[in-house]
Amino acid sequence: MASLTIAWINGVLVLRRAPLWIVSYLLMPLALLLFFRIHGDVAMIKMALMGGIIMVATSNGISILGDAAWFRIYVKYQDLLVATPIRPVSYVMGLSLSMLVFASPGLALFVVLASLTDLMTPEFALALAACTIAVWISSSMMGFTISTLFKSLRHVWPMASILSMVLSLLPPIYYPATVLPQGLQWVGALAPTGAAAMILHHVAGLVEVEATALVASIASLIAYTTALLLLSSLKASWREA
Amino acid sequence: MGAVVSKGVWKRYKNGVVALKGVSFSVEKGRLVALLGRNGAGKTTWVRIASTQLLPTQGTVEVLGLDVVADPWSVRELIAMVPQEGFPLDILTPFEFVHSYLLIRGYGRSEAKKLAREYLALLELEPHAKRTIGELSGGLKRRVLVAAVLASGAEVLFLDEPTIGLDPLARRGVWRALKEAKRAGGTMLLTTHYMDEAESLADEVVIVHEGRVLFSGTVGEARRAVGHDFKVEVYGDLEVEGYEGLRLRGVTVFYVDEGEVDEVLRRAVAKGYESVVKPTSLEDLFIKLTGERIEEGG
C-alpha cells in the first residue's frame, strides 16, 4: 500500500499536473524514429521502434536519481518517512513504480506504433514485455543506488542525462550488434539496455546475433536486474552511521 | 519510566566533529519539552538519533522503553517527525500530502481522509486545501508538514524547528495545534531557538550548548535559576561596585532584584548611558549559562 501511495503521488499526480515531461522524454526517441523513417529501411524503422521503448524505459527509470536525491537532500521527504513504519524497500519500489507510471504514455505510444508493423508476434510481445520490465527495474535501481552517493543536487541532474544517453545510445540499440567485431558481439551486453536490444533484435529476426552474444545478453539482463535490486535494497538504508 | 530517555549520548561525525558530548535527560509521557540552543548546538543531531535516522557513537536513547538502535522498527511505529528545513511535496495539494502521508503510515483511506481534513482545519489550512503546495508561502508549507505529523497520532512527536520561517501569527497557529495535540496526551520534543516559543509551549526545557546539556527542568525552575527578577540592560560599558555586569556586544546586562534596579539605573544615567529594565525570562538563563544570546548563532 505504501509503495502504491508513493507511485500515486509521485507518478500519477505529477504526470497529470506536469504533462510536459512526456513531451520532453519523447523528443529524442521520436526524433530518432523520424530520422530512420527518412534515411533508413524497414528494418531500421523497426529497430528505432524497439529503441524507442528501451530509451523511454531507461530515461524514466534513471530519472529516479533526481527524484530520490530531491526527496533526500532538498525537501527532506525521506527524513519524514524514516520516522514512519514504511520499509526502505517499499519506498524504493514506490519511487520505481512512479517512474514506470511516468514512462507508460511513452511506452504505450511506441507499442501502438510497433503494432502498426508486423513486429508484434506473440513471441516478440512476450520478449518485449520481459525486456522492458528488466530495463525499467535495472535502470531505476541503478538510478536510486547512484543517487545515494550524492550530497548536492547540482551534480545529480547532469548525471541523470548522461547516464540516460550513454545507456540508450552507446550499446547496440539503434544499430545491429553485427557492426561490432566478430566474436566480440557480447560486448554489447555489457549494458542492460544493449542486452535487451540484442534479444529483441534477435526475436524479431532483424539481426543474426552470435550465440555467445545471445547467451551473454540473457545472462546480463538477469544479472543486472538481480544485482541492482539487491544493491539498491542495501543502499536504501534508513539510518546513517 | 520516561517516554523518552537519553543517556550519555555522544556523536562524533566521520569528519571528526563532535556534535554531542554525553547528552542525558528524560521526558515524561504527555509532556512537551523544548530543546533550546543556538544553531550548531547539537539539537538536530540528537533529534535525528532519537528518531532513528542517525546512529549515536555512544550512549542510548529509549522511546517508550524501546532502544532506538536495537529496535528501530518498533520505535518507528510510535513516532513521527517534522524534519528541519523539510518541505511538503510542491506538486500536491495540502490535502493530498497529509492524506498520502497517513496512507503510508498504514491508515485506511476513509480514516486518512477524515484525519487529513480535521488537521488541515486545525492548522487553519482549509482555505488552501485545494491549491498545490508550490503556490503556498513558506510558512503555509511548513504548517502542512506539521499538520501531517500531528494527524499521524504517533505517541511521540519530534518537531525540529517546526515554526522556523513563520510569521508571528502563523507561529501562534502552530502553537495552538501543538497545545491541542498535547491535550490529547501526546509527548512532544521540539527544538527551537525562539525563547517565546519555549516559554509559551513547553512544560520543560533542556538547554543544549556545544553538545552538552547545561540545564534541564521546568520553565518555572528555569526562571528561578536566573536568580533575580529583573535585568537592566545598559547601552554602554558600565561597572557598578557590588554588581556583576555581563557584557554582550556593547550592552552591559545586570541581573538584579526589585530593590536594586534604581541603583544600577542611577549609575547608568550618571554616565549618560541609555538603559532598559525588563523582567527576567528564559533567555536570561541561557545568557547566564553560556554568556551569549541565543539569536547570535549563525
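## Helix pair α3 and α7 in chain A

In this predicted model, helix α3 of chain A passes helix α7 of chain A in a right-handed crossing. The two helices cover residues 42-62 and residues 122-147, and their axes come within 7 Å and cross at roughly 25°. Angles under 35 degrees count as roughly parallel, and α3(A) and α7(A) are therefore roughly parallel to each other.

On the α3(A) side, the residues that meet α7(A) are A:Ile53, A:Ile54, A:Ala57, A:Thr58, A:Gly61 and A:Ile62. Their partners in α7(A) are A:Leu128, A:Thr132, A:Val135, A:Trp136, A:Ser139, A:Ser140, A:Met142 and A:Gly143. By class, this contact of α3(A) with α7(A) holds 8 nonpolar and 6 polar residues, with no charged residue taking part.

## Helix pair α4 and α5 in chain B

In chain B, helix α4 (residues 109-122) and helix α5 (residues 138-151) have axes that come within 9 Å and cross at roughly 130°. The helices α4(B) and α5(B) are therefore oblique to each other, and α4(B) passes α5(B) in a right-handed crossing.

The residues making this contact are B:Leu115, B:Ala116, B:Tyr119 and B:Leu120 from α4(B), together with B:Ala147, B:Leu150 and B:Ala151 from α5(B). Sorted by class, the contact of α4(B) with α5(B) consists of 7 nonpolar residues, without any polar or charged ones.

## Contact between the chains

Chain A contributes 23 residues to the contact between the chains, and chain B contributes 25 residues. On the side of chain A that touches chain B, helices α1 (2-17) and α5 (77-82) of chain A each supply at least two residues, and the largest share, 6 residues, comes from α1(A). The residues on this side of chain A divide into 16 nonpolar, 2 polar and 5 charged.

## Overall form of chain B

The secondary structure of chain B comprises 10 helices and 14 strands, and the C-alpha trace of this chain spans about 70 × 45 × 35 Å along its principal axes. A compact globule of 298 residues would have a radius of gyration near 19 Å, and the 21 Å of chain B agrees with that expectation.

Of the 298 residues in chain B, 48% count as buried. When contacts in chain B between residues at least 6 apart in sequence are considered, 69% of them join residues at least 24 apart.

Notes
Residues are numbered from 1 along each chain as its sequence is written. Chains are lettered from A and ligands numbered from 1 in the order in which they are written. This is a predicted model: local features need pLDDT of at least 70, side-chain atom pairs count only at pLDDT 80 or more; totals for chains, interfaces and linings use all residues. Axes are lines fitted to C-alpha atoms, for helices over the stretch in contact, and angles run from 0 to 180 degrees between N-to-C directions. Helices (H or I, at least four residues) and strands (E, at least two) are DSSP runs, numbered from the N terminus. Angles under 35 degrees count as roughly parallel, over 145 as roughly antiparallel, 65 to 115 as roughly perpendicular and the rest as oblique. A crossing is left-handed if the near helix is turned anticlockwise from the far one by less than a right angle, and right-handed if clockwise. Two residues are in contact if their C-beta atoms, placed from the backbone, lie within 7 Å. Ala, Val, Leu, Ile, Met, Phe, Trp, Tyr, Cys and Pro count as nonpolar, Asp, Glu, Lys and Arg as charged, and the others, Gly among them, as polar. The radius of gyration is taken over C-alpha atoms; the globule rule is 2.2 Å times the number of residues to the power 0.38. A residue is buried if 20 or more other C-beta atoms lie within 10 Å of its own, exposed if 12 or fewer, and partly exposed in between; C-beta atoms are placed from the backbone.
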